[in-house]
Amino acid sequence: MTDQELDIQHHDPRLYNDDLAPIKSERRTWGWFEIFNVWSNDIQSLFGYTLAASLFISYGLNGWAVMAAIVLAGFVVMVLVNLTGKPSVKYGIPFPVMIRASMGVHGANFPAMLRAIIGIFWYGVQTYFASTAVSLLLTSLFGDPGGQWLGMTALDWLSFVIVWCFQIALFWQGIERIKHFLNWAGPLVYVVMVALMLIVWFKAGSDLLPAVSTIFSGASDYEGNALTAFMAITGTMIAYFAAVVINFGDFTRFVKSEREMKLGNLLGLPLNVAFFSFIALIITAGTLALFGETLTNPSDIIDRVDSLPLTIVAAITFFAATVGINLVANFIPPAYDLANLFPRRISFRVGGLITAVIAFFVGALWMAVISKIGVAGFVNALGAVVAPFYGIIVVDYYLLKRQRLNIQDIFSADPDGAYYYVKGWNHRALIAFALAALFSVSSVWVPALEALGGYAWLIGAALGGLFHYLLMRGRRLPVTAS
């Protein structure tokens, strides 16, 4: 697409603002390194490390097979995001605008708001977890003040407010400043993780390799066979990235070319995941050699090493890593989704501010209330529910629209527009979503389907795409223009 073709000639103010408008080539500054760091920050959270480390000891599978399953998951996710990222590279539009082509210019608000709710919830939770790194730093310097309110000490509350304000200040500077933070945080976390690996390796000495052999022997209480273990690990890793897969266009709209996007995804997913998992393996083996047990939580490892300099560096690193994943997975997507709801009144920045305000109460009440009442299960169900929209987007764009959109009509509420359907809603796409969502919800709430693990997301996405194709192929599609 040329910049002239991306000029919106006539638009409905209910569908358009400057933040949702196509980004022209002259304003696209992201290359492969920025996309690589999107994934680096997504992987290198406290939870990401714990997940990677636990996979080596939880399924009774040979360590090489675990690595193969993790790398396979990286390749699968790479293919998935290449598909959802390509349209936004071509047209410069974010996820909630892109999905108008399949759901209708008004119907797009439905999946966008579901994604926003998920993002806002986990943004609050991750803000709390990022604050634990700051609290670790303050406690190591000033000691534990004692006393708690709503499950947090005074230093915990101070840390939470610091992290919350820092994220808002960073977000308010705009996408370029966020890019610089991600580009700084990703490499920094790797440097510190490699340093921690070398420290553990040095301290473990000759006991490290026997510990690695113990982990690679695959001894665990897992009752399934090797194939089911391999599939479970692959599915778990795919599910870990699912939050970013559907709205990856929110980032690729800033990328200079499709080639840059694909190179960033290749380096940032299968290769990045493999290297990070190797670091997690060595550190986990080192804890077995040093402490006689496998520790998968980085905070526990730092506590056992008992070194103030290491604690300070680790706290800063954990803070940067968790803020990075929060921006990528939970802050930027809801900001666009809320802006899409009322473009005349909500900009990208205002959408981010709304996200932060609501998420403040989620994070503040996480320890005392929310973590104890099962809300996370409800939000996980919503996460499974959005899976069919991935299939709908991909099938609609590649098979039905044949990679050609009328970029003018995507911002138009003209009843004769290509994406107006019925009063702005594509009822056939809604039916396809509803049918596939029945399975998605069941995979979370029906015990018999829990064995599907992370593959429930993939199956839900495939069903959404299949039903959408069957329902839409008989409909005469409007002539579209690229």
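Entry 1, aromatic pairs. I searched the whole structure, which is a predicted model, and found 32 aromatic pairs. I took one of them, Y190 with F275, for a closer look. A pair of aromatic rings is described by the distance of the centres and the angle of the planes. For Y190 and F275 I noted centres 5.3 Å apart and planes at 35°. Planes under 30 degrees apart would count as stacked and over 60 as edge-to-face, so I wrote this pair down as tilted. Y190 belongs to helix α8, and F275 belongs to helix α12 (residues 258–291). The two are 85 residues apart, and the pair thus links distant parts of the chain.

I looked up the second largest pocket, and its volume came out at about 300 Å³. Which helices each supply at least two residues of its lining? I found α8 (175–204) and α15 (348–364). The lining includes I175, E176, F348 and R349. I also listed D18, D19, R27 and R253 among the lining residues. By type, the lining divides into 5 nonpolar, 1 polar and 6 charged residues.

I checked helix α2 (residues 46–58) against helix α10 (residues 226–245). Their axes come within 11 Å and cross at roughly 175°. Angles over 145 degrees count as roughly antiparallel, so α2 is roughly antiparallel to α10. On the α2 side I noted F47, G48, L51 and L55, which meet I233, T236, M237 and Y240 in α10. I sorted the residues of this contact into 6 nonpolar and 2 polar, with no charged ones.

Notes. Residues are numbered from 1 along each chain as its sequence is written. This is a predicted model: local features need pLDDT of at least 70, side-chain atom pairs count only at pLDDT 80 or more; totals for chains, interfaces and linings use all residues. Side-chain values use heavy atoms; hydrogens and water are left out. Axes are lines fitted to C-alpha atoms, for helices over the stretch in contact, and angles run from 0 to 180 degrees between N-to-C directions. Helices (H or I, at least four residues) and strands (E, at least two) are DSSP runs, numbered from the N terminus. Angles under 35 degrees count as roughly parallel, over 145 as roughly antiparallel, 65 to 115 as roughly perpendicular and the rest as oblique. Contact means heavy atoms within 4.5 Å. Ala, Val, Leu, Ile, Met, Phe, Trp, Tyr, Cys and Pro count as nonpolar, Asp, Glu, Lys and Arg as charged, and the others, Gly among them, as polar. On a 1 Å grid over the protein atoms alone, a cavity is a set of points where a 1.4 Å probe fits but cannot get out, and a pocket is an open set with protein on both sides within 12 Å along at least five of seven lines; lining residues have an atom within 4 Å of a point. Grid points are joined across faces, edges and corners, and a volume is the space filled by probe spheres set on the points. Rings of Phe, Tyr and Trp (its six-membered ring) pair if their centres lie within 6.5 Å; planes under 30 degrees apart count as stacked, over 60 as edge-to-face and the rest as tilted.
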